[in-house]
Amino acid sequence: MTETLFDLAKALLNATLILLALCLFLGWKLMTAAEGATANAAAIADRVLPLRTDLEALQAEAAALRSTAQDSTATAASLTRLEARLAQVQTSLADMRALPRQAAAEAARAGAAELAGRIIRAAPLLKNGSACGSGES
């Protein structure tokens, strides 16, 4: 009787350690994926930064052109359209800068959901002993 209880305790400890190892492994994989997504986001943000700088320079140049061409109505109207288009591009760039953060957050949520799903699927196997063998002693 004592030997059976001892074997049962060992099996329970074994199952717990296996589940802990699985959780640690999946958590490690999740963190690796999140780091990769963050690195990609940083690379994308670095590519967008020069475009933003160029657009700001273009906006300043258009504003300077507007101040020198106050007498011509056609030039002023064309500059107004140019400034409006530059503002639209600036807004688009701001939206693009937010995309990497959103993608990283979505990847983290998806990874966490996958991890939770795998743990939930593994829990019944551990409960009835089929994950540790046939369940027979």
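Leaving aside neighbours within four places in sequence, which residues is Gln-59 in contact with? I looked this up before anything else. Gln-59 touches Leu-86, Ala-87 and Gln-90, where contact means heavy atoms within 4.5 Å.

**Ground rules.** I am working on a predicted model, in which local features need pLDDT of at least 70, side-chain atom pairs count only at pLDDT 80 or more, and totals for chains, interfaces and linings use all residues. Residues are numbered from 1 along each chain as its sequence is written, and side-chain values use heavy atoms, with hydrogens and water left out.

**Overall layout.** I found 2 helices and 0 strands in the protein chain. These are DSSP runs numbered from the N terminus (helices: H or I, at least four residues; strands: E, at least two). For contacts in the chain with a separation of 6 or more, residues 24 or more positions apart account for 71%.

**Helix α1.** I checked its length against expectation. The 67 residues of α1 should span 99 Å at 1.5 Å a residue, and the end C-alpha atoms are 97 Å apart, which agrees. The expected span is 1.5 Å times one less than the number of residues.

**Burial.** Buried residues make up 16% of the 137 residues in the chain. In α1 I noted Ala-15, Leu-26, Leu-30, Ala-37, Ala-41, Val-48, Leu-55 and Ala-62 as buried. The chain exposes about 10200 Å², and carbon and sulfur atoms supply 65% of that; the areas come from the Shrake-Rupley method with a 1.4 Å probe, and for residues only the protein chains shown count as cover.

**Back to Gln-59.** This residue sits in helix α1. Gln-59 counts as partly exposed because its relative accessible area is 29%. I also took the C-alpha distance to Ala-84, 25 residues apart along the chain, and got 9.8 Å.

**Ala-34.** Arg-109 is 75 residues apart from Ala-34 in sequence, yet their C-alpha atoms are 9.7 Å apart in space.

**Salt bridge.** How many salt bridges does a search of the whole structure find? I got 1, the rule being a side-chain nitrogen of Lys or Arg within 4 Å of a carboxyl oxygen of Asp or Glu. The side chains are those of Lys-10 and Asp-7, at 3.9 Å from N to O. Both lie in α1, 3 residues apart, about one turn of the helix. Lys-10 is partly exposed at 44%, and so is Asp-7 at 36%.

**Aromatic pair.** I counted rings of Phe, Tyr and Trp (its six-membered ring) as paired if their centres lie within 6.5 Å, with planes under 30 degrees apart called stacked, over 60 edge-to-face and the rest tilted. By this rule there is 1 aromatic pair. Phe-25 and Trp-28 form it, tilted, at 5.9 Å centre to centre and 45° between the planes. Both are in α1, 3 residues apart. An α-helix has 3.6 residues a turn, so residues three or four places apart point the same way. Phe-25 is partly exposed at 42%, whereas Trp-28 is exposed at 53%.

**Nonpolar patch.** Leu-13, Leu-17, Leu-20 and Leu-24 make a surface patch with about 410 Å² of accessible area together. Patch residues have over 30% relative accessible area and no salt bridge; like charges are joined within 9 Å, nonpolar side chains (Val, Leu, Ile, Met, Phe, Trp, Tyr) within 5 Å. I looked at Leu-17, which is in α1 and partly exposed at 47%.

Technical notes
Buried means under 20% relative accessible area, exposed over 50%, partly exposed in between (1.4 Å probe, protein chains only).
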